[in-house]
Structures are given as structure tokens and as C-alpha cells.
Amino acid sequence: MATKIRLQRGGRKGYAVYRIVIADARAPRDGRFTEKLGTYNPNTNPATVDLNFERALYWVEVGAQPTDTVRNILKGEGVYMMKHLKGGVKKGAFDEATAQKRFDAWKADKQKGLDKIRQEEAKAKKAAAAKELEAEKKVNEAIAQKVAEKKAAQAAAQAEAEAPATEEAPAEA
């Protein structure tokens with residue numbers, strides 16, 4: 001039986017969320033599957049992946065063929081990196097501890113990059129909010145100035161209307 005590691009669609013219209021599953025190659029996309037390995041949400045920045053690493057590594061080593069998108073996800077999570085390192089251990093190039101150390105260093109570097117992306121995203125969001133606030137302040141100042149001019153015009157008109165009335169009163173007296 002040829003097995004595939006593929007995505008199974010879920011979520012609502014316009015907001016797809018996927019499950020990463022092991023399925024028979026002949027099964028339909030959203031059909032029957034053997035095992036669920038995790039989830040993939042491409043709607044976040046960066047995309048959110050929740051993966052059972054050990055099971056994914058097992059299935060890749062057993063020979064399950066991933067689709068292109070799943071292969072990219074597995075590479076991003078380090079499954080193929082660990083498979084490569086385990087191959088080096090089997091050949092005797094280095095021991096298990098060195099392989100784990102290399103993988104941890106790679107994972108830490110990858111996490112730094114993701115944290116940097118998240119920080120830049122938060123910074124951009126904060127800058128956009130500050131820019132919006134500035135624009136709103138300018139609009140509010142313009143409105144306040146128009147209201148002040150209108151009140152000044154009303155006060156001048158009222159003073160002008162009262163001035164002739166007070167001037168006529170002393171003339172009669």
C-alpha cells in the first residue's frame with residue numbers, strides 16, 4: 001500500500017485550516033486517513049504548525065511520500081534535517097549526542113528567525129496604530145478649530161446684535 005502524507009482541508013469558507021494526515025495514495029483529499037500527525041494554519045503570519053514530530057519522522061523514514069506543501073512544512077519543522085542527521089549517525093560520521101546538538105542549534109536559529117518576524121509584525125502594527133491615531137488627532141483638531149470659529153462668529157453676531165440695542169437705549173433716555 002502506497003502511503004502519502006497530505007493535507008486534509010477543514011475550517012470555514014475563506015479561512016482554510018488543514019490537518020496533516022497519513023492516507024492511502026488512492027484515498028480522496030478529505031476522505032479516509034490512517035493517522036493524524038498535526039495541524040497547519042496558513043492564515044497566521046508566520047503560518048502555525050502543530051506537528052507530532054516523532055510520528056512524522058517515523059513515517060518519513062518508513063517511506064511515506066509527502067505532497068509538495070507537506071514536504072515544505074516538514075522541512076520547516078526539521079523532520080528532514082533529523083532524518084539526515086540520523087543517516088549520518090548510522091554511517092558513523094558522528095554520534096547521537098552530536099546529531100542532537102546540531103539539530104538543537106538549527107532549531108534555535110530557526111526560532112530566532114520566527115521571533116524576529118513576529119516582532120517586526122508587532123512593530124508594524126504598532127506603527128500603523130500610531131499613524132492612525134495621529135491622523136485622527138489632526139481631524140479632531142480641524143473639527144475643533146471649525147467649531148471654535150463658528151462659536152466666535154456666533155458670539156460676534158450676538159455682540160453685534162446687542163451693541164445696537166444698547167446704543168439705542170441711551171439715545172432714548
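Reply: Helix α1 (residues 53-62) lies across β1, β2, β3 (35-41) and β4, at about 115 degrees to β3. This is a predicted model, where local features need pLDDT of at least 70 and side-chain atom pairs pLDDT 80 or more, while totals for chains, interfaces and linings use all residues. Residues are numbered from 1 along each chain as its sequence is written, and side-chain values use heavy atoms, without hydrogens and water.

Me: What makes α2 count as packed on the sheet?

Reply: α2 touches β1, β2, β3, β4 and β5, where contact means heavy atoms within 4.5 Å. Its direction makes about 95 degrees with that of β1; axes are lines fitted to C-alpha atoms, for helices over the stretch in contact, and angles run from 0 to 180 degrees between N-to-C directions. Helices (H or I, at least four residues) and strands (E, at least two) are DSSP runs, numbered from the N terminus.

Me: How do you know that β1 and β2 pair?

Reply: Pairing requires at least two DSSP bridges between two strands; β1 (residues 3-12) and β2 (residues 15-24) have 10 bridges, in the antiparallel sense. Q8, for instance, has R19 in β2 as its bridge partner.

Me: Why are β4 and β5 at the edges?

Reply: The open sheet has 5 strands in the order β4-β3-β2-β1-β5, with mixed pairing. β4 and β5 (65-66) each have a single partner strand, so one side of each lacks a neighbour in the sheet.
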